[in-house]
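Subject: Handover of a structure and the findings from it

Dear colleague,

Please find below the structure that I am passing on to you. My notes on it follow directly after.

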Amino acid sequence: MEYNKYILHCKLDEILKEHGNMSVLKLSKEIGHRRTTIMELMHNTNMDKKKISAALIVKLCLYFDISPNELFEVRPKE
């Protein structure tokens, strides 16, 4: 399998919309994490090079009551 043809896609943008278009600033304050990192996840910026901490994944999953599978998916690169 050619792994370089796939990318990890974060569905945070969709999740925020499902929660009443919650702002990144509000989420950042609520979970105590950098706004810029949350923005990068929301826009899937440089996901092939990004290192996402387990602590951030846990915070997002607990905050939204979701699993990592609901937060991320593997997609073919466009």
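I begin with helix α2, in which V24, L27, S28 and I31 are buried. Here, buried means under 20% relative accessible area, exposed means over 50%, and partly exposed is in between, with a 1.4 Å probe and protein chains only. The arc is that of the directions from the helix axis to the C-beta atoms. Helices (H or I, at least four residues) and strands (E, at least two) are DSSP runs, numbered from the N terminus.

Please note that this is a predicted model, in which local features need pLDDT of at least 70 and side-chain atom pairs count only at pLDDT 80 or more, while totals for chains, interfaces and linings use all residues. Residues are numbered from 1 along each chain as its sequence is written, and side-chain values use heavy atoms, with hydrogens and water left out.

Helix α2, continued

The buried residues of α2 pack against α1, α3 and α4, where contact means heavy atoms within 4.5 Å. L25 also belongs to α2; its relative accessibility is 45%, so L25 counts as partly exposed. From C-alpha to C-alpha, L25 and R35 are 6.2 Å apart in space, although 10 residues apart in sequence. G32 follows α2 and has a positive phi, near 70°.

As background, an α-helix has 3.6 residues a turn, so residues three or four places apart point the same way.

In α3, the buried residues are T37, I38, L41 and M42. Viewed down the axis of α3, they fall within an arc of 140° and so line one face of the helix. Their packing partners are β1, α1, α2 and α4. Just after α3 comes N44, with a positive phi of about 55°.

Helix α4 spans residues 54-64, and its buried residues are L56, L60, C61 and F64. Seen down the axis, these fall within an arc of 130°, so they line one face of α4. On the other side of α4, A54 and L62 are exposed. The buried residues of α4 pack against α1 (12-18), α2 (24-31), α3 (35-43) and α5 (68-71). D65 follows α4, and its phi is positive, near 55°.

The aromatic pair

How many aromatic pairs does the count come to? Rings of Phe, Tyr and Trp (its six-membered ring) pair if their centres lie within 6.5 Å; planes under 30 degrees apart count as stacked, over 60 as edge-to-face and the rest as tilted. By this rule the count is one aromatic pair. Y63 and F64 form an edge-to-face pair, at 4.9 Å centre to centre and with 90° between the planes. Y63 has a relative accessibility of 29% and therefore counts as partly exposed, whereas F64, at 6%, counts as buried.

Loop residues

K11 lies in the loop between β1 and α1. Its relative accessibility is 16%, so K11 counts as buried. Neighbours within four places in sequence aside, K11 is in contact with N69, E70, L71, F72 and E73.

N21, in the loop between α1 and α2, has a positive phi of about 55° although it is not a glycine. At 59% relative accessibility, N21 counts as exposed. N46 sits in the loop between α3 and α4; its phi is also positive, near 50°, and N46 is likewise a residue other than glycine.

The largest pocket

On a 1 Å grid over the protein atoms alone, a pocket is an open set of points where a 1.4 Å probe fits, with protein on both sides within 12 Å along at least five of seven lines; lining residues have an atom within 4 Å of a point. The largest pocket has a volume of about 170 Å³, a volume being the space filled by probe spheres set on the points, which are joined across faces, edges and corners.

Which residues line the largest pocket? They are I7, L8, H9, N44, M47, R75, P76, K77 and E78. Strands β1 (6-10) and β2 (72-76) each supply at least two residues of this lining, and β1 gives the most, with three residues. By class, the lining has four nonpolar, two polar and three charged residues. Ala, Val, Leu, Ile, Met, Phe, Trp, Tyr, Cys and Pro count as nonpolar, Asp, Glu, Lys and Arg as charged, and the others, Gly among them, as polar.

With kind regards
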